[in-house]
Amino acid sequence: MSRIGKAVIRLPEKVEVSWTKGNLVTVKGPKGQLSQQIDPDLSVNLEDGVLSITRPTDQQRHRAAHGLYRSLLSNMVTGVSDGFVKEMELIGVGYRASNTNQLLELTLGYSHPILFALPAEVVVETVAEKGSPPKIVLKSIDKQLIGQIAAKIRAFRKPEPYKGKGIKFVGEVIRRKAGKTSGKK
């Protein structure tokens, strides 16, 4: 049995889960509501505030779907109760970030600023403190969406391995290369 799939999901207070015959699972919580269509072969059970998923057979397809949909439902429960946060740093001289509502403006050493419109489900905040690199803070209840948006922002200027300049996640370790040798003997 899938180790991830057989783990149960404990529902926090104020989180409600409902599903239809077609296995459209809806999770409502204090931060919002999320829906996910799951495999019709799997069955969802809710008993005493504990959500679990069961599969009909041990086929490869059922085992794979079992762990996948359990993880997706767990992320939905966490999202509507606590939410998700991604923090990114801009490392480089003259790199700046600012936002106006849902429009993120990045200055990353190109000849032009980059304007990036964010969806309404993602809240963006930019922090520029003296002595530390500028930060972009993304908040959302949808883990998949926030991950995709963060990856798109990072792709504008990936961290390079020689000086480490670029957009990186807070806490991310960049593998550094030595560069050219100083001279021949």
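Is Asn101 buried or exposed in this structure? Asn101 is exposed, with a relative accessible area of 65%; here buried means under 20% relative accessible area, exposed over 50%, and partly exposed in between, using a 1.4 Å probe and protein chains only. Before going further, a word on the model: it is predicted, local features need pLDDT of at least 70, side-chain atom pairs count only at pLDDT 80 or more, and totals for chains, interfaces and linings use all residues. Residues are numbered from 1 along each chain as its sequence is written, and side-chain values use heavy atoms, with hydrogens and water left out.

Asn101 has a positive phi of about 55 degrees although it is not a glycine. Lys14 also has a positive phi, of about 70 degrees, and is not a glycine either. The table sets them side by side; strands (E, at least two residues) and helices (H or I, at least four) are DSSP runs numbered from the N terminus.

| Residue | Phi | Loop | Relative accessible area |
|---|---|---|---|
| Lys14 | about 70 degrees | between S1 (9-10) and S2 (16-19) | 69% |
| Asn101 | about 55 degrees | between S8 (96-100) and S9 | 65% |

**Helix H2**

Let's turn to H2, which covers residues 143-155. At the start of H2, a side-chain oxygen of Asp142 comes to within 3.3 Å of the backbone nitrogen of Gln144.

The buried residues of H2 are Leu145, Ile146, Ile149, Ala150, Ile153 and Arg154. Seen down the helix axis, these buried residues fall within an arc of 165 degrees, so they line one face of H2; the arc is that of the directions from the axis to the C-beta atoms. An α-helix has 3.6 residues a turn, so residues three or four places apart point the same way. Gln144 and Ala155, on the other side of H2, are exposed. The cover over the buried residues includes strands S7 (84-91), S9 (103-107), S10, S12 (135-140) and S13.

**Aromatic rings and charges**

A search of the whole structure finds one aromatic pair. Phe116 and Phe156 form this pair, edge-to-face, with 5.6 Å centre to centre and 75 degrees between the planes. Rings of Phe, Tyr and Trp (its six-membered ring) pair if their centres lie within 6.5 Å; planes under 30 degrees apart count as stacked, over 60 as edge-to-face and the rest as tilted. The pair links distant parts of the chain, 40 residues apart: Phe116 is in strand S10 (114-117), and Phe156 is in the loop between H2 and strand S13 (166-169). Phe116 counts as buried at 12% relative accessibility, whereas Phe156 is partly exposed at 24%.

Two charges also sit over rings, meaning that NZ of Lys or CZ of Arg is within 6 Å of the ring centre and within 35 degrees of the ring normal. Arg157 lies over the face of Tyr110, at 4.3 Å from the ring centre. Lys86 lies over the face of Phe169, at 5.5 Å.

**Ser81 in helix H1**

Ser81 is found in H1 (residues 60-81) and is buried, with a relative accessible area of 17%. Its side chain reaches the backbone oxygen of Val77 at 2.9 Å and that of Thr78 at 3.3 Å. Leaving aside neighbours within four places in sequence, Ser81 is in contact (heavy atoms within 4.5 Å) with Pro12, Val15, Pro30 and Lys31.

Technical notes
Polar contact = N/O pair within 3.5 Å; in protein donor to acceptor, adjacent residues only side chain to side chain.
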